[in-house]
Amino acid sequence: MKDITTDRRSNLIKKNVGDLMREMFSSRISEVISEIIRMADEIGCKAYLVGGFVRDLLMKKPNRDVDIVIEGDGIKFAELFARRVDGRVRTHKRFKTSAVIFSDGFRVDVATAREEYYAHPAALPVVEISSIERDLYRRDFSINAMAICLNGKETSMLYDFFGGQSDLKDHVIRVLHKRSFIDDPTRVFRAVRFEHRLGFRICEPTLLLLESATREKLFEKLSAERLFNEAVLILEEQKPEEALLRMNELGLLKFIHPELCFRVESNQLMNHCKETLVWFELNFPGREVRRWVVMMMALFDSLANDCRDEMLQKFKSAKKILSCPLVNLAKVEAATAKLHKPVVSPSFVGKAFENLTNEALVFMAAKQTGEGIKALVTSYLTNIKDIRPFINGEDILKMGVSPSPIISNILEQVMEAQLDGKLKSRHEALKLADKLSR
């Protein structure tokens, strides 16, 4: 092993963690692991638990994201295992990985033990079959580069080649070699994410490598999709504002846009968004809201419209990710401008909010910190949004009105009267429509 960033070299430390596994595993996890062991024994391969699952086990934190590495043919193992558990399998042959999805949605990720080569910085890796040691060496940080042998003579044995246990104890994030950020610049964002999720710190040698990667602008070599996928993961964390403050400190946000800065005001807005998300989920439990979209709206709120347009132009391959928060921001600004009236009728609220997603409603309520907007959002979702109109276009046509924009105008006026409580029945709606059609 070369290029270890501290004085540590590959020095395998083994430790039996069978008791810890029995203590921490739920009955479901234990059942799944038992089936994996039986399958591995039957086909004569070695199976290992790896990655964040092992890290969280050692920290005594629950984790349902089961990652398995097979010394052998991981894709074949996944296909056989899926049949055994009556699941389905999704395979990525290029990376020699598969996901086994159970009928209830439970998922096990299965990979062939492999090593990776990068043709140039930020490139997708070229993959070759290898050993568990080489597989662990290709990973991002020492705390994520440990494995537990599941079968054979060393069942339940933890394999720690690169000092992961020591780094867990010391609460540090450390890459395994000096080219780590060059090979995969997304690891910079993951370092910040893990630093704040776990309450760890990036160790000095790794921080120097991170700062070097920033100076070299390696992130500009990343595809926009990979860059913003990492941004989404950060925004889905429980405390994204802490990671964003760190990214601001390290000069990472400028790679999204030169004008992007996470200021005190941004921090306050994001905290308001978190509080409003809790309020929304408690009051409207059946309505789905994507946390990362709300948080990205808060992140981009301070940017001028021309800066937002520049981002969409620059990061075209990430349009699916970027357009949602940016379009929602524009809609929120337009809706908010309409609401500066002392009294607004239900129909006025319905018209102002009709194109807003749940994420936009949450953000609007978070940004306008008084109770007024929250009350309007509550009224809209409770009394307005799901009201079905008494009549439709077919009813207007039956009155002899020719197909034209007049029909939509009539329907709009009738719906306004219905929302404002002026109509109590379909009969009354038809009478008003007939009057308006003449």
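Visitor: How many residues of the lining of the second largest pocket are nonpolar, polar and charged?
Guide: The model is predicted, so local features need pLDDT of at least 70 and side-chain atom pairs count only at pLDDT 80 or more, while totals for chains, interfaces and linings use all residues. Residues are numbered from 1 along each chain as its sequence is written, and side-chain values use heavy atoms, with hydrogens and water left out. Ala, Val, Leu, Ile, Met, Phe, Trp, Tyr, Cys and Pro count as nonpolar, Asp, Glu, Lys and Arg as charged, and the others, Gly among them, as polar. On that basis the lining of the second largest pocket has 10 nonpolar, three polar and five charged residues.

Visitor: Which helix gives the most to the lining of the second largest pocket?
Guide: This pocket holds about 380 Å³ and has 18 lining residues, with Glu354, Glu412, Met415, Glu416 and Leu419 nearest its centre. Two or more lining residues come from each of helix H16 (346-353), helix H18 (371-384) and helix H20 (405-419); helices are DSSP runs (H or I, at least four residues) numbered from the N terminus. With seven residues, the most is given by H20.

Visitor: What is the volume of the largest cavity?
Guide: On a 1 Å grid over the protein atoms alone, a cavity is a set of points where a 1.4 Å probe fits but cannot get out, and a pocket is an open set with protein on both sides within 12 Å along at least five of seven lines; lining residues have an atom within 4 Å of a point. The structure holds one cavity of 30 Å³ or more. Taken as the space filled by probe spheres on points joined across faces, edges and corners, the volume of the largest cavity is about 60 Å³.

Visitor: Which helix supplies the largest share of the lining of the largest cavity?
Guide: The lining divides into 11 nonpolar, no polar and no charged residues, including Phe228, Met247, Leu253 and Phe300. The largest share, four residues, comes from H10.

Visitor: At what angle do H12 and H17 pack?
Guide: Axes are lines fitted to C-alpha atoms over the stretch in contact, and angles run from 0 to 180 degrees between N-to-C directions. The axes of helix H12 (residues 264-283) and helix H17 (residues 358-367) lie 8 Å apart. Their packing angle is about 120°.

Visitor: Which word describes H12 relative to H17?
Guide: Angles under 35 degrees count as roughly parallel, over 145 as roughly antiparallel, 65 to 115 as roughly perpendicular and the rest as oblique. The packing angle of about 120° therefore makes H12, relative to H17, oblique.
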